[in-house]
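Colleague: I'm new to this one, could you walk me through it? Let's take it topic by topic.
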Amino acid sequence: MNRTVEESISNEESGLDLKKLALQALNYWHWIVISVIICLALSFLYMRYKTPSYSISAKVLVNDEKKGGGIMGSGDLLGDLGGLLGGKSTVDNEAEILKTRYLMQQVVEDLKLNITYYRQGAIKRVELYKSPIELSIVSPADTIKTTDIDLKFLANNRISINSDEIDTVVMLNKSFFLPEVGVVKIFQSPNLPREVDSYSINIKSVDTKVADLMDKLNVEVKNKLITIIDLSFEYPLQKKGEDILNKLIFNYVQGNLKDKNEVADSTIKFIQNRLSFIGGELGDLEGNIQGFKQRNNLADMSEQSKLLVQTTTQYVNELAKVETQISILESLEAYLKDDTNNKRVLPSSLTPADMTFNAAVQKYNELTLERAKQLIGVTENNPSIVLFDKEIANARADIQANIGSTLNGLIITRNRLKDQMRKAESQVQEVPQIERNYLNLARQQQIKQELYIFLMQKSEETAISKTSNIANSKTIDPPKAAVKPISPKRNFVYLLGLVAGFAIPIGLIYLRHTLNNKIETKDDIINATRVPVVGEISRNEENDSLVVANSSRSAISEQFRALRTNLSFFFKSADEKVILLTSSMSGEGKSFVTINLGNILALSDKKVLLMELDLRKPGLSAKLNIPNNVGFTNFIIDQKVAISDIIKPLPLNDNLFIVSSGPVPPNPAEMLLSDRASYLINTLKEQFDFIIIDAPPVGIVTDAQLIAPHADMCLYLVRQNYTHKDQLNIVEDLHSNNKMKAIGIVVNDIQATKGYGYGYGYGYGYGYGYGYGYGNYGSESNKKSLFAKLFKRSKS
């Protein structure tokens with residue numbers, strides 16, 4: 001099976017030849033050194049002018065009852081009633097609260113972080129934490145866009161303002177309009193002296209700054225078995241970063257205390273309203289009693305009345321307690337029925353000593369507070385809020401049902417106590433009517449007084465408990481900035497620069513090699529065709545085409561001698577003496593090889609004839625400065641022209657002759673097929689030891705194949721970094737189908753390499769060889785691409 005260039009390319013793509021790539025890289029070592037130096041210099045400049053970023057870290061301990069870290073412990077009944085939504089303040093919920101946008105927005109607004117001040121440097125600007133100047137937004141625009149302004153202090157309290165939208169001069173402490181920001185005012189801080197005259201200010205909207213800071217904040221619970229939240233924050237200024245994180249934790253703690261105080265405030269407000277109402281009723285009763293005594297001249301009660309009072313005292317006390325509880329529950333029931341209090345917490349310290357009822361109230365309050373926290377980051381249509389609303393509604397219904405059943409029980413108890421009091425009063429019929437009426441008023445006074453005292457007591461208890469409220473979390477590791485910046489990392493940047501310094505040129509070398517479709521190494525030929533390489537000719541740096549005669553001991557001369565020796569192995573008899581030179585396209589050096597190969601054969605005392613049979617584009621005679629007015633075409637056309645008329649001796653060597661092409665004919669193929677052409681070659685074989693035919697490129701025209709039957713050997717010229725790899729299919733096809741006899745490849749214009757065995761060195765790596773550009777066959781251009789020029793290998 002014939003091997004094609006496509007097969008060889010697929011084999012090359014199957015793996016990366018590291019050794020080959022290393023040898024290629026060594027040939028460009030100076031570019032690699034320059035690349036490493038440039039990349040390391042860029043790394044240094046990056047480290048020098050890149051603003052460092054520091055990590056600020058803190059730890060917050062949360063009292064999480066679900067994990068046993070709370071004050072109430074894990075046996076609280078409400079922990080079991082909280083259900084799926086989690087009535088307790090868990091560490092995971094608190095971590096989510098710390099990550100809410102609303103909390104960061106409070107920090108930005110409190111510290112005015114949306115306005116950043118810089119001091120102008122020679123290359124970059126440096127952020128200031130405590131700035132000697134301050135900008136105040138007097139009247140903000142509807143939508144504040146990010147704006148950078150440069151300002152410079154002038155004489156007489158004037159300031160030069162420059163931005164993309166404005167270029168003006170304003171007065172210090174005077175308001176002016178700044179496009180896309182609003183009405184602003186710049187004033188100088190009295191506590192900080194001004195070190196320079198030039199500053200810059202970056203103004204952003206609060207939302208934009210919040211988003212920027214949120215990207216730099218990280219909140220996580222690293223260990224799920226403990227209730228510690230780890231906070232980390234990145235910022236260029238260590239002190240400012242610590243203050244931002246401190247403010248975030250402070251606002252979080254204050255928000256937690258606000259939730260707890262909200263329950264106490266609701267209870268106190270409820271008690272104050274009831275005290276005001278009960279106090280008015282109690283005052284009216286006391287006034288009625290005093291008026292009753294004055295109207296009836298009642299100074300003292302009789303012994304029988306005292307006995308009645310003593311008998312009914314116990315019932316009155318019990319009735320007063322029951323009336324107090326009924327009054328509280330009725331007030332709570334009215335509070336729950338009021339739609340304005342639908343999403344507000346319930347007073348907790350007034351509820352009866354019923355564990356189930358107290359647990360339900362506490363669950364309701366915690367669900368209400370948790371819903372308010374969740375609403376910070378979502379809307380009321382969010383599924384989690386809808387679920388909260390359902391749970392709150394269920395808890396509210398449970399409380400109302402509990403109040404109803406409790407009220408029914410208390411009313412039954414009240415009626416029973418009143419019946420017992422009526423029985424006791426009926427046993428003392430002798431008591432005058434006036435004193436019995438007085439006792440009724442006194443009993444009502446005692447009930448109201450008991451209720452008033454109870455409310456006063458609860459009010460004081462609630463006020464005391466409010467002052468003792470503490471947050472459910474505390475800072476165990478205050479915010480502290482790291483000593484060394486987390487970015488940029490010096491060692492990593494320099495390592496990256498070093499790696500890039502090597503990777504960029506080596507990658508470009510590999511890319512050049514991968515994208516190169518020209519023959520570059522001997523392996524490219526071996527992998528593409530079975531035709532042997534019989535000669536390798538280095539690049540010629542001289543201006544003379546005849547390098548063998550002028551420098552007979554040069555490396556390139558030795559290469560032609562080696563070619564001469566290799567040809568002797570192909571000629572099996574003395575009759576085999578015709579050598580055909582062809583190539584894939586014009587510009588591969590056929591004429592150059594023809595001249596020097598002929599001369600090297602002539603130097604061995606052989607009579608050599610050069611035949612210029614490239615009838616379409618002759619160039620051999622021109623390179624040898626031989627007139628081309630009479631030649632091969634004249635002999636074919638004119639029967640009168642003798643063979644001796646077209647054979648011309650060459651001054652280069654007494655044994656070297658030439659038959660030029662003659663005038664360019666209109667039908668070169670037909671001339672090569674003529675009988676006189678065969679007669680000419682057969683006759684010349686009898687007169688000369690070697691005949692070297694310079695034929696047209698076989699890859700373009702068929703002339704070379706027409707001459708092939710007369711040749712005993714074909715030398716196929718390829719040129720390094722010029723001949724296309726896929727053009728080797730031509731020589732493989734000629735060899736496989738026996739279209740030419742004894743084909744051998746000669747590689748021309750080999751550039752010297754530093755690595756032994758790489759390229760076409762073979763011990764002759766002196767940098768000499770053929771370097772002429774013949775141009776393409778016809779009108780093709782021979783200009784090198786910019787890519788080829790950039791990667792042109794340096795001369796040794």
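Modeller: Let's start with a term: a salt bridge is a side-chain nitrogen of Lys or Arg within 4 Å of a carboxyl oxygen of Asp or Glu. D148 and R125 form one, with their closest N and O atoms 3.4 Å apart. D148 lies in strand 5 (residues 147–153) and R125 in strand 3 (residues 125–128), so this pair ties together parts that are 23 residues apart in sequence. Keep in mind that this is a predicted model.

Colleague: How many salt bridges does the count come to?

Modeller: The count comes to 18 salt bridges. Another one pairs K224 with D92, again with the closest N and O atoms 3.4 Å apart.

Colleague: Which parts does that pair tie together?

Modeller: K224 sits in the loop between strand 11 (217–220) and strand 12 (228–235), while D92 is in helix 5 (residues 91–98), so the pair links parts 132 residues apart in sequence. K224 counts as exposed, at 51% relative accessibility, whereas D92 is partly exposed at 34%.

Colleague: What about E558, which side chain does it meet in a salt bridge?

Modeller: E558 meets R561, at 3.3 Å from N to O. Both lie in helix 16, 3 residues apart, which is about one turn of the helix. E558 counts as partly exposed, at 33% relative accessibility. Elsewhere, salt bridges that share partners join R539, R719 and D749 into one network.

Colleague: Back to helix 16. At what angle does it pack with helix 17?

Modeller: About 75 degrees, with the axes of helix 16 (residues 555–568) and helix 17 (residues 590–602) 10 Å apart. Angles of 65 to 115 degrees count as roughly perpendicular, so helix 16 and helix 17 are roughly perpendicular to each other.

Colleague: And which residues meet there?

Modeller: On the helix 16 side, I556, S557, F560, R561, L563, R564 and L567. They meet F592, V593, N596, L597, I600 and L601 in helix 17. R561 is also the salt-bridge partner of E558.

Colleague: New topic: T582. Where is T582 found, and is T582 buried or exposed?

Modeller: T582 is in strand 15 (residues 578–583). T582 has 0% relative accessibility, and buried means under 20%, so T582 counts as buried.

Colleague: What does T582 touch?

Modeller: Leaving out residues up to four places away in sequence, T582 touches K590, A695, P696, P697, V698, A704, C714, L715, Y716 and L717.

Colleague: Let's zoom out. How many helices and strands does the protein chain have?

Modeller: The protein chain has 25 helices and 21 strands. Of its 796 residues, 45% count as buried. The chain exposes about 40600 Å², and carbon and sulfur atoms supply 52% of that area.

Colleague: And the contacts: what share joins residues at least 24 apart?

Modeller: Among contacts between residues at least 6 apart in sequence, 78% join residues at least 24 apart.

Key: Residues are numbered from 1 along each chain as its sequence is written. This is a predicted model: local features need pLDDT of at least 70, side-chain atom pairs count only at pLDDT 80 or more; totals for chains, interfaces and linings use all residues. Side-chain values use heavy atoms; hydrogens and water are left out. Helices (H or I, at least four residues) and strands (E, at least two) are DSSP runs, numbered from the N terminus. Buried means under 20% relative accessible area, exposed over 50%, partly exposed in between (1.4 Å probe, protein chains only). Contact means heavy atoms within 4.5 Å. Axes are lines fitted to C-alpha atoms, for helices over the stretch in contact, and angles run from 0 to 180 degrees between N-to-C directions. Angles under 35 degrees count as roughly parallel, over 145 as roughly antiparallel, 65 to 115 as roughly perpendicular and the rest as oblique. Accessible areas come from the Shrake-Rupley method with a 1.4 Å probe; for residues, only the protein chains shown count as cover.
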